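Here is my note on the model you passed to me, arranged as numbered points. Please read it beside the coordinates.

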Amino acid sequence: MSVPERKNLARRGGGGRAVHDVGGLDLGSIDRSEHDLALWEKRTDAMLVLLRDNKRRVLSVDAHRRMIESYGEQEYDRITYYEKWIRAIRNLLVEQEVVRREEIEARVAEVRAKHEKAGRKAAKETVPW
Amino acid sequence: MHDADHPDHHHDEQGAPHGAGHGHLHGPFQKDHDTAPAGAYEMLEEAIRSLLIEKGVLTAQEIAAQVDLMDSRSPALGAKVVARAWVDPAFKRRLLKDTRAALAELGIDIGTLAEFRTVENTPKLHNVIVCTLCSCYPKMLLGVPPAWYKSLAYRSRTVVDPRGVLAEFGVELAKDVEVRVHDSTADLRYIVLPMRPKGTRGWTEADLASLVTRDSMVGTAVVAPPVTPAASRRRKAG
Amino acid sequence: MVRRRAPAAKPATDARFAPGERVRVAARPVLGHCRTPWYLKGKTGVVAAIHGRFRNPELLAYHKPGLPARVLYKVRFKQSDLWGRYHGPAGDHLEADIYEHWLEPPN
């Protein structure tokens with residue numbers, strides 16, 4: 001396996017700047033295009049709000065950020081905003097023992113099978129843990 | 001398997017809206033559900049949602065209601081606050097001193113998760129807001145943040161080159177105007193009170209609010225004067 | 001279960017630093033979740049405001065109560081002090097919200 005390309009030495013190993021801590025770097029020109037969120041993204045946002053509310057208190061926004069900050073640089077840069085969110089929610093639910101890893105893996109497989117049966121293509125890859 | 005999409009009133013798997021009076025508009029680029037492949041993250045969301053509903057942690061109705069709440073928020077609320085501050089100097093002072101209390105006067109409850117602060121633009125000071133560490137944003141007043149606000153490019157460059165970033169947004173400021181960047185590193189959310197443009201004397205609050213853009217409350221725009229003097233006179237006339 | 005988060009701000013009597021006072025951001029390594037950005041480490045600024053006491057996010061991130069609540073400051077920096085290559089005027093500033101345990105007296 002080749003060593004992942006480090007786009008910017010300042011971000012990792014060069015003294016401890018964490019992957020999300022990007023203030024002062026030059027990470028490109030700003031794309032100002034706007035588009036609506038997909039429904040699954042809105043639901044991801046909704047689930048985070050509900051999971052951290054006083055009724056449930058399963059997780060906090062701080063724990064959610066901490067989980068996102070634990071991704072490697074390649075992942076952090078490559079995956080989209082709500083992709084980061086849903087992966088972190090999943091990991092926190094397992095950490096807090098609300099669901100088990102096997103339950104999630106089994107349910108994802110069922111969801112994929114359901115889509116394929118309905119004639120909709122479904123990604124073969126799964127979200128990395 | 002329990003179908004977590006019912007009785008959720010949003011789109012079913014074929015993309016067709018349920019129910020009468022379903023007023024949701026989709027942006028031009030929202031994926032077409034029945035032809036785009038289901039991605040790994042989208043399927044993960046569905047799996048998690050169905051498990052949490054099954055386990056009684058959440059209900060489909062709660063999720064749908066929260067999505068609706070999110071959809072209902074827009075910069076209009078922030079614009080209303082700005083317009084009120086423009087016409088009422090005493091309210092403006094209270095807004096700058098204690099934003100939570102001033103918003104409560106207008107019936108806006110910002111809840112317990114964060115505090116809000118208002119920073120005022122003046123002829124000598126231009127404020128711009130960023131969250132370098134994630135994407136903290138005053139959603140209750142401005143709605144969902146635009147993708148650019150959450151982007152690595154904006155988060156990384158605004159603190160070190162704010163004038164360059166502002167120039168990309170079409171905002172040029174004289175050297176004797178201070179550019180002040182606010183990095184929202186903690187539980188405070190910032191909103192910029194932009195300057196009231198010329199040519200709006202005597203305008204109603206509602207008309208003033210209609211001039212206030214989301215970007216002007218983030219600091220990546222200023223509020224432009226009304227297009228023509230004739231338009232301004234027409235508005236004044238009512 | 002995650003501890004209940006009380007309303008965010010509590011008044012900060014016994015704050016270590018006062019508005020107008022110069023402060024330096026500690027240059028310690030980070031362990032775990034931290035809300036002090038890399039680019040401010042070791043930099044000196046001025047306390048612009050005291051926000052009050054807040055539960056410590058570094059602990060909340062690990063499902064702990066985050067107590068004792070820490071004083072949170074708004075600290076103002078000259079951009080020319082932060083960046084060797086800052087291209088703007090000397091009057092430009094940056095402000096960030098920094099927790100008391102990340103601040104120390106300058107030198």
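**Notes on the model**

1. Chain C has a secondary structure of two helices and five strands, where helices (H or I, at least four residues) and strands (E, at least two) are DSSP runs numbered from the N terminus. Read from the N terminus, the elements of chain C follow the order β-β-α-β-α-β-β. The C-alpha trace of chain C spans about 50 × 30 × 25 Å along its principal axes.

2. On provenance, this is a predicted model, in which local features need pLDDT of at least 70 and side-chain atom pairs count only at pLDDT 80 or more, while totals for chains, interfaces and linings use all residues. Residues are numbered from 1 along each chain as its sequence is written, and chains are lettered from A and ligands numbered from 1 in the order in which they are written.

3. Of the 107 residues in chain C, 43% are buried, a residue being buried if 20 or more other C-beta atoms lie within 10 Å of its own, exposed if 12 or fewer, and partly exposed in between, with C-beta atoms placed from the backbone. Among contacts in chain C between residues at least 6 apart in sequence, 62% join residues at least 24 apart; two residues are in contact if their C-beta atoms, placed from the backbone, lie within 7 Å. For chain B, with 12 helices and four strands, 42% of the 238 residues count as buried, and the share of contacts joining residues at least 24 apart, among those at least 6 apart in sequence, is 66%.

4. Two strands pair if DSSP finds at least two bridges between them.

5. Arg180(B) has His93(C) as its bridge partner in β4(C), and Val181(B) has Leu94(C). β3(B) is mostly covered, with five of its six residues buried. Strand β2 (residues 125-130) of chain B also pairs with β3(B), in the parallel sense over six bridges, and His126(B) stands opposite Val179(B). Within chain C, by contrast, β2(C) and strand β3 (residues 70-78) pair in the antiparallel sense over seven bridges, with Tyr73(C) in β3(C) as the bridge partner of Ile50(C).

6. Beyond those bridges, 23 residues of chain C are in contact with 21 residues of chain B. On the chain C side, β2 (44-54) and β4 (93-99) each supply at least two residues, and the largest share, six residues, comes from β4(C). By class, this side has 13 nonpolar, five polar and five charged residues; Ala, Val, Leu, Ile, Met, Phe, Trp, Tyr, Cys and Pro count as nonpolar, Asp, Glu, Lys and Arg as charged, and the others, Gly among them, as polar.

7. The contact between chains A and B takes 53 residues from chain B and 56 residues from chain A. The elements of chain B that each supply at least two residues to its side are α1 (40-54), α2 (60-72), α7 (147-150), α8 (152-160) and α9 (162-168). The largest share, 12 residues, comes from α1(B), and the chain B side divides into 29 nonpolar, 11 polar and 13 charged residues.

8. In chain A, helix α1 (residues 39-51) is mostly covered, with 11 of its 13 residues buried, among them Trp40(A), Met47(A) and Leu51(A). What covers the buried residues of α1(A) includes α2 (61-69) and α4 (81-95) of chain A, together with α1 and α2 of chain B.
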